[in-house]
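Colleague: Before I take any of the labels on this structure at face value, I would like to hear what stands behind them.

Modeller: Go ahead and ask.

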Amino acid sequence: MPSTFLFSTPQPPPQHSTAKLPTTTTAASAVAPPTTHLPNADKFALLIDNVKSVHHLLEIHAAVLRRGLERHLPILPFKLQRSYSSLGHLHHSLSVFNLTPNPTVFSWTAIIYAHAHRGLFHHSLILYSQMLQTSVQPNNFTLSSLLKGLPLEPAMALHCHVVKFGFCDDLYITTCLVDAYARGGDIVSAQKLFDEMPERSLVSLTAMITCYAKHGKLAKARKVFDEMEEERDVICWNVMIDGYTQHGLPNEALLLFRKMLDEKKKRNSKVRPNEVTVLAVLSSCGQLGALESGRWVHSYIENNGIGVNVQVGTALVDMYCKCGSLEDACKVFDGISCKDVVAWNSMIMGYAIHGFCEEAFRLFDEMRGMGVLPTDITFIAVLSACGHSGLVAKGWEVFDLMKNRYGIEPKIEHYGCMVNLLGRAGHLQEAFDLVRGMKIDPDPVLWGTLLWACRLHNNASLGEEVVEFLVSHDLANSATYVLLSNMYAAAGNWEGVANIRLLMKQYGVEKEPGCSSIEVNNRVHEFLAGDLRHPKSKEIYLMLEEMNCCLKAKGYTPKTDIILHDLAEEQKEQSLEVHSEKLALAFGLISTRPGTPIKIVKNLRVCLDCHAVMKMMSKITGRKIVMRDRNRFHHFENGSCSCGDYW
């Protein structure tokens with residue numbers, strides 16, 4: 001393989017010929033007073049190794065040059081080169097290297113490492129190519145220095161050099177290759193190298209866990225993780241916990257976090273959760289809406305020396321907002337010093353999803369008044385607030401402000417917010433025109449938002465037009481078919497419903513089942529519609545009967561018109577009674593003290609009947625019921641909802 005394996009005409013990295021290296025006698029005299037005794041190499045090497053500032057290093061360098069030691073003691077230029085790099089002065093390091101006659105593999109490796117360490121991979125590869133042209137062969141550290149952080153394609157080329165120069169059995173280099181393939185997404189090659197390793201280090205095991213976890217192969221990641229036993233460090237735990245969090249398995253993330261704490265107690269392990277750990281765990285609590293667990297993690301942070309910096313503070317704000325406690329979120333937000341735009345965005349979005357739009361607008365204005373420039377995420381949050389209140393004019397004002405005042409080009413998410421705002425408010429044609437006039441291609445989510453608006457306002461003709469477009473462009477998903485089926489059902493077109501369901505069966509499309517969860521005593525309980533799996537199912541269904549009696553006594557009438565199946569009226573009522581959120585509410589009523597709030601998380605949009613039931617039950621029981629559905633939060637209190645029945 002030619003040495004210039006990645007470059008047709010290699011260009012050397014900047015030589016920095018104007019770098020002002022020391023040449024005066026003043027600097028030299030500052031290091032050592034004039035004397036007839038010539039300090040030996042060991043003394044100068046020791047001075048260079050212990051240097052703390054570039055100013056001091058320049059003085060030492062001047063002394064070396066004054067005595068001409070660099071010509072006779074090659075260890076000194078090498079140490080100077082490394083020290084300049086470690087102090088962040090790569091241009092001085094490169095100048096020393098360029099003045100070194102016949103640099104050894106150690107000098108080449110040091111300058112290659114210095115560039116690779118700073119992410120200057122192109123320059124490090126050019127230097128490597130130049131080294132090969134001078135007939136200097138790499139050592140194991142040369143190759144491992146290059147491989148760290150290198151993109152997949154050049155890493156594959158370097159793999160050939162690993163074989164060529166006989167480093168296939170080097171554990172450190174093989175680990176770097178596993179990491180390079182893993183980062184590049186080549187799981188097969190990473191796994192093959194990993195399986196062939198005769199010995200596995202903690203780093204190689206962590207690299208493989210990271211590879212599996214990053215690409216959603218969590219069962220394989222957990223298998224490697226569990227086989228590590230005593231070797232696990234905090235990085236391994238963090239990778240596994242974060243893998244569960246990032247791939248929508250928050251319950252598993254929390255269970256693993258608790259196992260981490262248990263092992264610390266049982267085995268007297270020195271592994272302690274750090275900032276990275278709690279960031280992942282707080283995200284899991286937010287996904288689950290597990291407020292009790294989130295508060296416990298907050299307490300753990302405060303009692304175990306993990307500082308509440310802006311990153312941790314923002315994660316706490318996000319968690320409390322998603323768990324339904326704006327009061328706690330506000331307290332944390334107010335306590336964050338030096339708030340960055342991410343912190344502001346989290347709090348604004350928190351107000352938006354809870355439907356407190358005026359507070360979101362006030363915070364948006366306050367942020368700008370303090371000189372914090374909004375980002376595209378900021379405008380997603382503010383536009384979401386407009387959508388939850390039906391403020392069409394305000395939405396257009398914010399949309400135009402984003403483009404004209406701050407020069408932020410709308411992304412698919414901003415268009416999605418506008419389509420949601422317009423569609424929910426009944427401006428279907430305006431929403432449709434916006435989608436067709438976009439500069440970027442709309443995605444299935446955006447079309448689905450428009451289709452949902454058609455379903456909401458019973459505009460079947462426009463809905464059919466949207467569906468035909470999605471199907472013809474292979475953009476249809478389960479939600480597409482479900483929404484069209486619902487539109488046909490609402491219109492009593494059961495033949496159309498049957499045809500859509502047949503299509504769904506042919507294409508293997510499955511409707512996402514409704515699922516509701518509730519946290520009781522730091523444990524999250526999940527329910528599907530008509531669920532009988534819970535150990536307390538008997539008590540739950542007895543409470544459901546009691547709820548129904550109370551509701552009917554207060555004049556409740558089931559909203560059977562939302563049942564989109566051709567069923568008898570009695571069957572429709574029975575179907576409504578066992579919706580997942582009602583099961584979660586019944587469990588909450590039998591499992592918590594009277595008067596305490598009940599918090600429920602639903603994966604889909606709450607239906608009209610369940611919304612009406614939650615309002616009435618909040619008045620009957622005297623409890624506040626907080627529900628987070630796919631779109632927003634609903635705070636039910638004394639018979640009314642914070643959404644104002646607009647969702």
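Colleague: Where is the place of S135?

Modeller: S135 sits in the loop between α7 (121-133) and α8 (140-147). Helices (H or I, at least four residues) and strands (E, at least two) are DSSP runs, numbered from the N terminus. This is a predicted model, in which local features need pLDDT of at least 70 and side-chain atom pairs count only at pLDDT 80 or more, while totals for chains, interfaces and linings use all residues. Residues are numbered from 1 along each chain as its sequence is written, and side-chain values use heavy atoms, with hydrogens and water left out.

Colleague: Why is S135 called exposed?

Modeller: Exposed means over 50% relative accessible area, buried under 20%, and partly exposed in between (1.4 Å probe, protein chains only). S135 has a relative accessible area of 66%, so S135 is exposed.

Colleague: What is the phi of S135?

Modeller: Phi of S135 is near 65 degrees, a positive value in a residue other than glycine. Most residues other than glycine have a negative phi.

Colleague: Where is N102, and why does N102 count as exposed?

Modeller: N102 is in the loop between α5 (90-98) and α6 (105-117). Its relative accessibility is 72%, and therefore N102 counts as exposed. Phi of N102 is also positive, near 50 degrees.

Colleague: What makes E327 buried or exposed?

Modeller: E327 has 52% relative accessibility, so E327 counts as exposed. This residue lies in helix α19 (residues 326-335). From E327 to V317 is 10 residues in sequence and 9.9 Å in space, C-alpha to C-alpha.

Colleague: How many residues of the protein chain count as buried?

Modeller: Of its 647 residues, 50% count as buried. The protein chain has 33 helices and six strands, and its C-alpha trace spans about 105 × 55 × 55 Å along the principal axes.

Colleague: How much of the contacts in the protein chain comes from residues 24 or more positions apart?

Modeller: Such residues account for 64% of the contacts with a separation of 6 or more, where contact means heavy atoms within 4.5 Å.

Colleague: How many positive and negative side chains does the protein chain have?

Modeller: There are 65 positive and 67 negative side chains. Lys and Arg count as positive and Asp and Glu as negative, with His and the chain ends not counted. The centres of the two sets lie 6 Å apart, with each charge placed at NZ of Lys, CZ of Arg, CG of Asp or CD of Glu.
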